[in-house]
Amino acid sequence: MDNFDTFAISKIVHEIRNPLTLINSSLQLIQQLHPEVKDFQFWGQTLEDVNYLGTLLEDLASYNDDSQFFRCEVDVRRLALSLEESLRPFLLETHKHFSLHLPSQLPSLFGSPVKLKQALLNILKNACEATSDNGCITMSVRKYLSDIILIISDDGCGMSGEYLSSLFKPFISHKSTGSGLGMAITKKIIDAHHGQIEVVSALGKGTTFTITLPHMNILV
């Protein structure tokens, strides 16, 4: 995006977020003062739609981020274990199996632990959604020469060639409730960390993402 696009998107997000916040507050107040409104046929769907719009705005703002985020030393082991903890409630609820493979020692990364976690969670959540009940997701991390390599695999439904070709393009979604920004945000974060992301997938056989990031000793 050029500067005009970035400015325009920021202004649009700002102009929509403010009235949306007021609408959400008004709906919450109505429900508080008139609890019976919850029995209205379309009330629940209305709240859900407002929440979805809020999520869409956050995705748009995140995609529009110029990537000038705070950077620091990132403990890769701690980051991986944090991802496992964040996934645990969803895994227990959906009966998915997650395995994490970490070596005893790993060099640090230089970047944003918050943004990296966001990017990797996007991939892991997609993997969970792609697998059936009792499906399996694995994540392995290793050092290879000057890089940290993270591999996330699932045994889910896989993706067609058409889906793969547009996977990282913004505003293109193959999900009924998707914003088309999740994987575009992920790639933008990985790019901002001087990394690379590759994906291999086959229908009915699952998907594997490989993320390569330079470790801290290379960048500082």
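Colleague: Which residues of helix α6 (residues 182-192) are buried?
Modeller: This is a predicted model, in which local features need pLDDT of at least 70, side-chain atom pairs count only at pLDDT 80 or more, and totals for chains, interfaces and linings use all residues. Residues are numbered from 1 along each chain as its sequence is written, and side-chain values use heavy atoms, with hydrogens and water left out. Buried means under 20% relative accessible area, exposed over 50% and partly exposed in between (1.4 Å probe, protein chains only). In α6 the buried residues are Met183, Ala184, Ile185, Thr186, Ile189, Ile190 and Ala192.

Colleague: Is histidine 194 buried or exposed?
Modeller: Histidine 194 sits in the loop between α6 and β6 (196-202), where helices (H or I, at least four residues) and strands (E, at least two) are DSSP runs numbered from the N terminus. Its phi is near 60°, a positive value in a residue other than glycine. Most residues other than glycine have a negative phi. With a relative accessible area of 57%, histidine 194 is exposed.

Colleague: Where is histidine 95?
Modeller: Histidine 95 is not a glycine, yet has a positive phi of about 60°. Its place is the loop between α3 and β2.

Colleague: How are α3 and α4 oriented to each other, and why?
Modeller: Axes are lines fitted to C-alpha atoms, for helices over the stretch in contact, and angles run from 0 to 180 degrees between N-to-C directions. Helix α3 (residues 76-94) packs on helix α4 (residues 113-130) at about 40°, their axes 10 Å apart. Angles under 35 degrees count as roughly parallel, over 145 as roughly antiparallel, 65 to 115 as roughly perpendicular and the rest as oblique. The two helices, α3 and α4, are therefore oblique.

Colleague: Which residue in β4 stands opposite histidine 97?
Modeller: Strand β2 (residues 97-101) has an uncovered face of His97, Ser99 and His101, while Phe98 and Leu100 form the covered one. In a regular strand the side chains alternate between the two faces of the sheet. β2 pairs with strand β4 (residues 136-144) in the parallel sense over five bridges, pairing being at least two bridges found by DSSP between two strands. Opposite histidine 97 stands cysteine 136.

Colleague: What distance separates the C-alpha atoms of serine 104 and arginine 77?
Modeller: Serine 104 lies in the loop between β2 and β3 (109-111) and is exposed, its relative accessible area being 67%. Arginine 77 is 27 residues away along the chain, and the C-alpha separation is 8.8 Å.
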